[in-house]
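Visitor: Hi! Could you walk me through this protein chain?
Guide: Happy to. Let's bring it up first.

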Amino acid sequence: MAELDITRLNQIIADHRDQKWPLIPLLQAIQQEFGYIPSEAIEPIARALGLFPSQVQGVITFYTQLYTTPRGRNIVRVCRGTACHVRGGKTILKLAKQHLGIEEGETTPDFEYTLETVACIGVCALAPNIVIGSQTFGHMNPKKVAQLFSRKSGG
Ligand code: FES
């Protein structure tokens, strides 16, 4: 992961500090730029907005869409909705973990993949489903999971 660009960080903070409700848009802008909210950003954000660092941290913790650790370029979401679950979603998740070598909520060391689960994504007819980025892969089975991550397991 590249060094944090502090100049860019300060610039984003400066761009937002005079807005009326700056904190959430500022955090979103930082995440968009860096892919997550680096811990080094919390102190300067708090200072610029006249908040305590604990308040900034509290907001980050509250919003599940804000991340404090770097995430993978591809977000893999295994559906844990009922239809997917009864059609083998649990096995699909287990296989995804094995292929990627990470647990749910973790990111591969090369930052290629982050593995998550997600509630029903609305295409139960295709269960069990995996979503990678914005693409949905339905009717998953062990062979298809292996194919999806063959680049990983094949080196
Ligand atoms: S339960 Fe997985 S898509 Fe609905």
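Visitor: Which domains does the domain assignment give?
Guide: The protein chain has domain 1 (6-62) and domain 2 (74-153); such bounds come from an automatic or database domain assignment. This is a predicted model, where local features need pLDDT of at least 70, side-chain atom pairs count only at pLDDT 80 or more, and totals for chains, interfaces and linings use all residues. Residues are numbered from 1 along each chain as its sequence is written.

Visitor: What separates the centres of domain 1 and domain 2?
Guide: Taken over C-alpha atoms, the two centres are 32 Å apart. The C-alpha trace of the protein chain spans about 50 × 35 × 20 Å along its principal axes.

Visitor: How many helices and strands are there?
Guide: Seven helices and four strands. Both are DSSP runs numbered from the N terminus: helices are H or I with at least four residues, strands are E with at least two. Along the sequence the pattern is α-α-α-α-β-α-β-β-β-α-α.

Visitor: What order do the strands have in the sheet?
Guide: The order is β2-β1-β3-β4, in an open sheet with mixed pairing. Two strands pair if DSSP finds at least two bridges between them. At the edges sit β2 (113-118) and β4 (135-137), each pairing on one side only. On average, neighbouring strands are turned by 25° against each other, direction ignored.

Visitor: And how do β3 and β4 run?
Guide: They run antiparallel, and three bridges join β3 (residues 130-132) to β4. Look at Ile130: Phe137 in β4 stands opposite.

Visitor: Which helix packs on the sheet?
Guide: That's α5 (residues 82-100), touching β1 (74-79), β2 and β3. Touching relies on contacts, meaning C-beta atoms, placed from the backbone, that lie within 7 Å. The direction of α5 makes about 150° with that of β1. Axes are lines fitted to C-alpha atoms, for helices over the stretch in contact, and angles run from 0 to 180 degrees between N-to-C directions.

Visitor: New topic: is Lys143 buried or exposed?
Guide: Lys143 is exposed, because 9 other C-beta atoms lie within 10 Å. The cut-offs are 20 or more other C-beta atoms within 10 Å for buried, 12 or fewer for exposed, and partly exposed in between, with C-beta atoms placed from the backbone. Of the 155 residues of the protein chain, 21% count as buried.

Visitor: Where is Lys143 found?
Guide: In helix α6 (residues 142-148). The C-alpha atoms of Lys143 and Leu95 are separated by 9.9 Å, with the two residues 48 apart along the chain.

Conventions. Two residues are in contact if their C-beta atoms, placed from the backbone, lie within 7 Å.
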